[in-house]
Every structure is written in C-alpha cells, then in structure tokens.
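The briefing below groups the points by topic.

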Amino acid sequence: MGKTNASWHAANRMPPRPTLAQRVDWHIAHAAHCACRTMPETIKAEISRRAGQETAKSKSNR
Ligand SMILES: [Zn+2]
C-alpha cells in the first residue's frame with residue numbers, strides 16, 4: 001500500500017458519524033494528500049454521480 005501522511009490525518013479527522021457527503025469530501029481530500037488506503041467503491045460511485053450532476057449544470061472548466 002501507499003504511505004501514510006500522518007500530519008494530514010491529524011489535521012483532517014473524519015467526523016464520528018459522517019454523512020456520505022462528508023465521506024466523499026474527506027476521501028477526495030485524502031486521495032490528494034495521502035495514499036494509505038484506496039477509495040471505497042461507494043465513494044467512487046458517489047463521486048462519479050456528483051461529476052455527472054455538475055456537468056449537467058453546464059459548469060465550464062477549461
Ligand atoms: Zn491516509
């Protein structure tokens with residue numbers, strides 16, 4: 001597995017009972033800063049679901 005960014009984890013604790021949205025936000029930030037574990041399939045699915053919604057809102061990025 002990848003290495004743990006312990007300082008990032010110390011600064012970014014998951015709430016005790018996170019909502020799906022909180023978990024998704026956490027995992028997105030986590031993936032950018034740390035590689036201690038992979039993203040669960042439920043989180044990946046929610047991210048692609050969100051991405052679809054944002055594209056539908058005609059958000060132009062580049
Ligand atoms: Zn981590």
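Helix 3 is hardly covered, since none of its 16 residues counts as buried, where buried stands for 20 or more other C-beta atoms within 10 Å of a residue's own, exposed for 12 or fewer and partly exposed for values in between, with C-beta atoms placed from the backbone. This is a predicted model, in which local features need pLDDT of at least 70 and side-chain atom pairs count only at pLDDT 80 or more, while totals for chains, interfaces and linings use all residues. Residues are numbered from 1 along each chain as its sequence is written.

**Overall make-up and confidence**
- The protein chain holds three helices and zero strands, these being DSSP runs numbered from the N terminus (H or I over at least four residues for helices, E over at least two for strands), and along the sequence the pattern reads α-α-α.
- Of the 62 residues in the protein chain, 5% are buried.
- The mean pLDDT (the predictor's confidence in each residue, from 0 to 100) of the protein chain is 90, with 89% of its residues at 70 or more.
- Confidence is highest in helix 1 (residues 6-11), at 98, and lowest in helix 3, at a mean of 91.

**Helix 3 and its packing against helix 2**
- From first C-alpha to last, the 16 residues of helix 3 reach 23 Å, close to the expected 22 Å, a span defined as 1.5 Å times one less than the number of residues.
- The axes of helix 2 (residues 20-33) and helix 3 (residues 41-56) come within 10 Å and cross at roughly 95°, axes being lines fitted to C-alpha atoms over the stretch in contact and angles running from 0 to 180 degrees between N-to-C directions.
- Helix 2 and helix 3 are therefore roughly perpendicular to each other, a label for angles of 65 to 115 degrees, with under 35 roughly parallel, over 145 roughly antiparallel and the rest oblique.
- Where they meet, L20, R23, V24, H27 and I28 of helix 2 are in contact with I43, E46 and I47 of helix 3, contact requiring C-beta atoms, placed from the backbone, within 7 Å.

**Individual residues**
- I47, found in helix 3, is partly exposed, with 15 other C-beta atoms within 10 Å, and touches V24 and I28 when residues up to four places away in sequence are not counted.
- A21 belongs to helix 2 and counts as exposed, with 10 C-beta neighbours inside 10 Å.
- The C-alpha atom of A21 is separated by 9.5 Å from that of I47, 26 residues apart along the chain, and by 9.1 Å from that of I43, 22 residues apart.

Notes
Contact = placed C-beta atoms within 7 Å.
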